[in-house]
Amino acid sequence: MLTFNLYLSMAAFALAASISPGPVNIVALRSGTQYGFRASLAHVSGATIGFTVLLFLTGLGLHELLLIMPALTKIIQWAGVAFLLFLAYKLAVDNGQLEVDENGKGPSAWYGALMQWLNPKAWLASIAGMGAYAANGDASMVWHFTIIYFFICYASIAAWAYAGTALRQLFKKPALMRAFNRSLAVMLLISAVYLMLS
């Protein structure tokens, strides 16, 4: 019973961290709106794999490296800011024309994985999660938490992409799509400002 409760707690943590708004989910939402659900699955898969690799390495001691090398933390932080600003710019200047081809090419898996490694939310979730469930370095707990997180992370990001797909009918007019993209750009700018101030 204790094991089931522990796994349930891990799953609840993973869901709360994965489903909440953040840069990766915003891109999934936008990709679903722009390219459709199927074309967004590469981003969903890459972001999930990228995050779970980060989570796993954190459980094996990556966070210790960041404590030893604080300059590396700053480099990651500023690279994340630059990446968020780049994404915000791309959204802000988009012309609002929706792709008509359901098989149009959305963000790649590599793009999704890179986003996670430059995403402050992903680093915080990794450090907090492993600190809560595998602080003693127990390899089996690191594996269990990573596996649970993988499935929940995939489902959460996919839900954002699906929500974007469902919104496609609302944004058939380019002016509405431009307004939607610009509101997403503002969210990314807020994330970048938060990261600069933290």
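At what angle do helix 2 and helix 5 pack, and how far apart are their axes? The angle is about 155 degrees and the axes lie 9 Å apart. The model is predicted: local features need pLDDT of at least 70, side-chain atom pairs count only at pLDDT 80 or more, and totals for chains, interfaces and linings use all residues. Residues are numbered from 1 along each chain as its sequence is written, and side-chain values use heavy atoms, without hydrogens and water.

**Helix 2 and helix 5**
- Helix 5 covers residues 109-117 (helices are DSSP runs of H or I, at least four residues, numbered from the N terminus).
- Helix 2 is therefore roughly antiparallel to helix 5 (angles over 145 degrees, on a scale from 0 to 180 between N-to-C directions).
- Pro23, Val24 and Val27 of helix 2 meet Tyr111, Met115 and Gln116 of helix 5 (contact means heavy atoms within 4.5 Å).
- Five residues of this contact are nonpolar, one is polar and none is charged.

**Helix 6 and helix 7**
- These helices pack at about 130 degrees, with axes 10 Å apart.
- That makes helix 6 oblique to helix 7.
- Helix 6 contributes Ala125, Gly129, Met130 and Tyr133; helix 7 contributes Met141, Val142, Phe145, Thr146 and Tyr149.
- Seven of the contact residues are nonpolar, two polar and none charged.

**Nonpolar core**
- The largest nonpolar core has 48 residues (buried Ala, Val, Leu, Ile, Met, Phe, Trp, Tyr and Cys joined through side-chain atoms within 4.5 Å; buried means under 20% relative accessible area, 1.4 Å probe, protein chains only).
- Helix 7 gives the largest share, 11 residues.
- Phe51 is among the residues with the most contacts inside this core.

Technical notes. Buried < 20%, exposed > 50% of the residue type's maximum accessible area, 1.4 Å probe, protein only. Helix = DSSP H or I, 4+ residues; strand = E, 2+ residues; numbered from the N terminus. Parallel < 35°, antiparallel > 145°, perpendicular 65-115°, else oblique. Nonpolar A, V, L, I, M, F, W, Y, C, P; charged D, E, K, R; others polar.
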